[in-house]
Amino acid sequence: MPERLETQSRRLLRRLRDTLAEPGRGQERLNRITHLISESMHTDVCSIYLFRDADTLELCATRGLKADAVHLTRLRMGEGLVGRVARSAKPVNTADAPGERGFRYMPETGEEVFSSFLGVPVQRLGEKLGVLVVQSRDKRLYSEDEVYALEVVAMVLAEMTELGAFIGDDATLAHPHKNPVMIRGTSGQEGTAEGQVWLHEPRVVVTNLVNDDPVAEVERLRAAVNQLRVSVDDLLTLAGPTEKEHREVLEVYRMFAHSRGWLRRMEQSIESGLSAEAAVEKEQSGARSRLQQVPDPYLRDRLHDLDDLSNRLLRILTGQGSETGAAIPENPILVARNIGPGELLEYGPRLRGVVLEEGSIGSHAAVVARALTIPLVVHAGRITTEALNGDPIIVDGDDGVVHLRPDDSVAVAFRDKIAMQAQAQARFAALRERAATARCGTTVGLHMNAGIMADLPSLAGSGAEGVGLFRTELQFLLRNTMPRRSDLAALYARVMAAADGRRVAFRTLDIGSDKVMPYMKRPDEPNPAMGWRALRVGLDKTGVMRMQLQALIRAARGRPLTVMFPLVSEMGEFSAARDMLLREIEREAHLGHPLPEKLEIGAMLETPSLAFAPDAFFKMADFISIGGNDLKQFFFAADRENELVRRRYDTLSFSFLSLIQKLVERCAEADTPVAFCGEDAGRPLEALALVAVGLRNLSMRPASIGPVKDLIIRSDIAEVKAAIEAAQHRGQEQLRPVLMDYVRQLAPV
Ligand code: PEP
Ligand code: MG
């Protein structure tokens, strides 16, 4: 950058800073800033447009355009040149604005006399705040240095906006983190909660934006970057000989930390007057806005790495750790871009809710949130930029909606909903000791699904008869190395002890598909849900399965043991797995170890093929547990994780219920007990239908036991069965309306 411009830019930034220090209202400050910029850049016009809502920009201050147009002229995102800057988050620089494609003439501004136009986005960490524009009468293209200088000024403006420098009476100038915001995401775990934001990674607050001594500031930046590089190198050494893919990712991360271009751009910003912190944020903002435009997931991940590095660098420069010293709020709702399952477990049950900007319903974090029964919303766009520590927040995990800083009407309506739910909870708690016996006398066994030790206390609290499904994969997923047999045996023994004589059905490792163990090599699969997963892995990699079976046998030591194998697709697979378990029992007997008092070996029926297995299969299995989540996805050929198709097909349909009915009949013929343990078992209406088609044992999340029991007790199963059969007889495909009609006319307990 030429010397003259550089000092000019520095002088301008310093004057901006002084403006911020002077007393004054938001509007006055904005006016003064437009004057300062147009004067020092020798332009005829300088205007500031700020977002009024997500889609509308408003002219908020100007020097050079008609003053009457202020707070009057508005543009939509993408409209005119200003709207184009906002949408693309890139500068527009033209010598002939009226001749430019998309130019929109706004007579109230009197801008027709100005030919040249330069607009740059005002954005902070990817959040679009507005557009800064300079215009001149003469037909000239602004130089690269001028564009850069205006970007630097826009950066400071964005920071000042964030710090509340332009707060005024006018709504446009309201504090960016004061307005209520409603964010629509996706439900990861049902339930509702009200509390205060607890940021997993609190934002670094930068207050010094401008430097007085660029040489010293560059030194400070270089020292911080060196420290960052050392810490990243350490990370790589610590990672040790990991998998090639994992290492490659770390290497790219390291490459970013050592990137000369990155450092050069930040140094350039410091030379034009920004502080080291502001220079880092300017780079970070650019990366964030690129991130929003990159569709390729690999590139997005890499840009995230860059974002992460910038955060680390900011923490080094400001001395702010992720521990800000702020006390954990009373009802903490964790807000994060993403979170690992281990980190989430560390926060534990004290959290009231979790909101993730990314995440997915199938992620391990979601599995943990479900195990902890904490309401979870994923895909909550912009939440980490909008939320500040301590902000009031409402999480509606039922609808996948988040209300940040809700206004009174929203909060009141929500509290009503929570109060109604609490009343219902009290009603359910009163049913705890009662059996789930319907009016007609049919009794249904209600069991719970579990996956971690923390689930077990719910066994007593929920009134569950036992654990119908214990998912064993979490212990494998939450660690960086394969768990040892002795650790697993100790854990399984603790689970059995906590169950206190009640039956626990341990499902052997169900990995693959979305559940990936970082330490086990896996092939790249085109369709992992239908790929090498669950029992298929167990039968091919017998070492892991045998180790787990041994751990289970050793944990039982004289107690009954119940084992079931996931995703059995053929009788042969089941008998092979069963033989493997029986061989392990024999081996343990040889070693003189105590054996289980009783052994039950079951199969999870999760593929339509197994419903058509030979009779011998149904006789061989000690019991069958229908894994409705997988069975439904394969039955309808609709991916259970894919939002586009996930809800398209209803459990309460002629075809699916007919399948379940058929299965119940086949099990009855073989005299084999059958249960249902997919998510549908925990939905009252679905549970009622499953009972009506013949199921007598259901396993579900502990929180669902109350609502399901409540409905069963109020119903007459013979009546429900008759209603379903009548509709089936009529050839009606969708049976939900029939069940809803039935439930509506029921009396409360
Ligand atoms: C199922 O598929 O219904 C099931 C219970 O197993 P998971 O959800 O763990 O795949
Ligand atoms: Mg399954």
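These legends accompany close-up views of a predicted model.

Local features need pLDDT of at least 70 and side-chain atom pairs count only at pLDDT 80 or more, while totals for chains, interfaces and linings use all residues. Residues are numbered from 1 along each chain as its sequence is written, chains are lettered from A and ligands numbered from 1 in the order in which they are written, and side-chain values use heavy atoms, with hydrogens and water left out.

**Figure 1. Overview of the protein.** The protein has 27 helices and 23 strands. These are DSSP runs numbered from the N terminus: helices are H or I with at least four residues, strands are E with at least two. The C-alpha atoms fill a box of roughly 90 × 60 × 45 Å along the principal axes. Of the 749 residues, 55% count as buried (under 20% relative accessible area; exposed is over 50%, partly exposed in between; 1.4 Å probe, protein chains only). The protein exposes about 32,100 Å², and carbon and sulfur atoms supply 52% of that area. Accessible areas follow the Shrake-Rupley method with a 1.4 Å probe; for residues, only the protein chains shown count as cover. Among contacts with a separation of 6 or more, 67% join residues 24 or more positions apart (contact: heavy atoms within 4.5 Å).

**Figure 2. The shell around ligand 1.** There are 14 residues around the ligand (a residue is near if one of its heavy atoms lies within 4 Å). Arg 471, Arg 507, Glu 606, Asn 629 and Arg 640 come nearest. The shell divides into 3 nonpolar, 4 polar and 7 charged residues. Here Ala, Val, Leu, Ile, Met, Phe, Trp, Tyr, Cys and Pro are nonpolar, Asp, Glu, Lys and Arg are charged, and the others, Gly among them, are polar. Strand β17 (467-471) and helix α22 (628-635) each supply at least two shell residues. Helix α22 gives the largest share, 3 residues.

**Figure 3. Polar atoms facing ligand 1.** A polar side-chain atom of Arg 640 sits 2.8 Å from a ligand oxygen. For Asp 630, a backbone N or O atom lies 3.0 Å from an oxygen of ligand 1. A polar backbone atom of Gly 627 is 3.4 Å from a ligand oxygen. Each is a polar contact (N or O atoms within 3.5 Å; within protein, one must be able to donate a hydrogen and the other to accept it, and residues adjacent in sequence count only if both atoms are side-chain atoms). Taken alone, ligand 1 exposes 280 Å², and the protein buries 98% of that.

**Figure 4. The magnesium site.** Glu 606 (OE) and Asp 630 (OD) coordinate the magnesium ion, ligand 2, at 2.0 to 2.1 Å. The pair links distant parts of the chain, 24 residues apart. Glu 606 lies in the loop between β20 (599-605) and α20 (608-611), Asp 630 in helix α22. Donors are N, O and S atoms within 2.8 Å of the metal (3.2 Å for Na, K and Ca); water is not among the atoms, so sites may look incomplete. Glu 606 is buried at 2% relative accessibility. Asp 630 is buried too, with a relative accessible area of 2%.

**Figure 5. Thr 384 and its partners.** Thr 384 is in helix α12 (residues 383-386). Its side chain makes a polar contact of 2.5 Å with that of Glu 357. Beyond neighbours within four places in sequence, Thr 384 contacts Arg 203, Val 335, Ala 336, Arg 337 and Glu 357.

**Figure 6. The surroundings of Ala 681.** Ala 681 belongs to the loop between β22 (674-676) and α24 (684-692). Ala 681 is buried, at 0% relative accessibility. Leaving out residues up to four places away in sequence, Ala 681 touches Phe 676, Ala 687, Leu 690, Leu 698, Ser 699, Met 700 and Val 708.
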